[in-house]
Structures are given as structure tokens and as C-alpha cells.
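User: I am new to this structure and would like to be guided through it with questions and careful answers.

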Amino acid sequence: RVFHESHLDALIILDYEGFAPAYEKVLSETDFPVIFLNHKIAHQSIFVDDVAGMSELTAHLIAQGQNV
């Protein structure tokens, strides 16, 4: 209810370490858009694959003729 009344469009959680499990439970039961960055949970999360990203970046730079 608080999120809907505060004129927020979504909530992005950057630091999961200090996030209370009770909040995660409440947020998972609502239709309010919540995104967790770099933390794998069952719903609405984005996890950056650093190894794959660096591999793609290196391949791109080599294709452009860069010495890496």
C-alpha cells in the first residue's frame, strides 16, 4: 500500500545484504514492480553475468582490431 500511495513506478533494490526477508515476502506477494539487481531470487531479479559480459566485450574488441 505504501508504494502505491507514494507515486512510485517501481522499486530497484541494489543492496540485498541488508534487505529483510519479511520485505521480500511482502514484495513477492504484490503486483508492484520490484527489481533486485545482482541477487538471484525467485521473482523479478536481474543478475549480471560478468564472465559472459567480459567474453562478449573481448570478442567485440578483437573483431574491431583492438589488441587485448
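User: Which element has the lowest mean pLDDT and which the highest?
Analyst: This is a predicted model, in which local features need pLDDT of at least 70 and side-chain atom pairs count only at pLDDT 80 or more, while totals for chains, interfaces and linings use all residues. Residues are numbered from 1 along each chain as its sequence is written, and side-chain values use heavy atoms, leaving out hydrogens and water. The chain averages a pLDDT (the predictor's confidence in each residue, from 0 to 100) of 76. Among its elements, the lowest mean, 61, belongs to helix H1 (residues 2-5), and the highest, 89, to H3.

User: In what order do the elements run from the N terminus?
Analyst: Helices (H or I, at least four residues) and strands (E, at least two) are DSSP runs, numbered from the N terminus. The chain holds 3 helices and 3 strands, and their order is α-β-α-β-β-α.

User: Which residue of E2 is the bridge partner of isoleucine 13?
Analyst: Strand E1 (residues 11-13) and E2 run parallel, joined by 3 bridges, where pairing requires at least two bridges found by DSSP. Within E2, isoleucine 13 has as its bridge partner phenylalanine 36.

User: How far apart are the end C-alpha atoms of helix H3?
Analyst: Helix H3 covers residues 50-63, and its 14 residues should span 20 Å at 1.5 Å a residue, the expected span being 1.5 Å times one less than the number of residues. The model agrees with this, because the end C-alpha atoms are apart by 20 Å.
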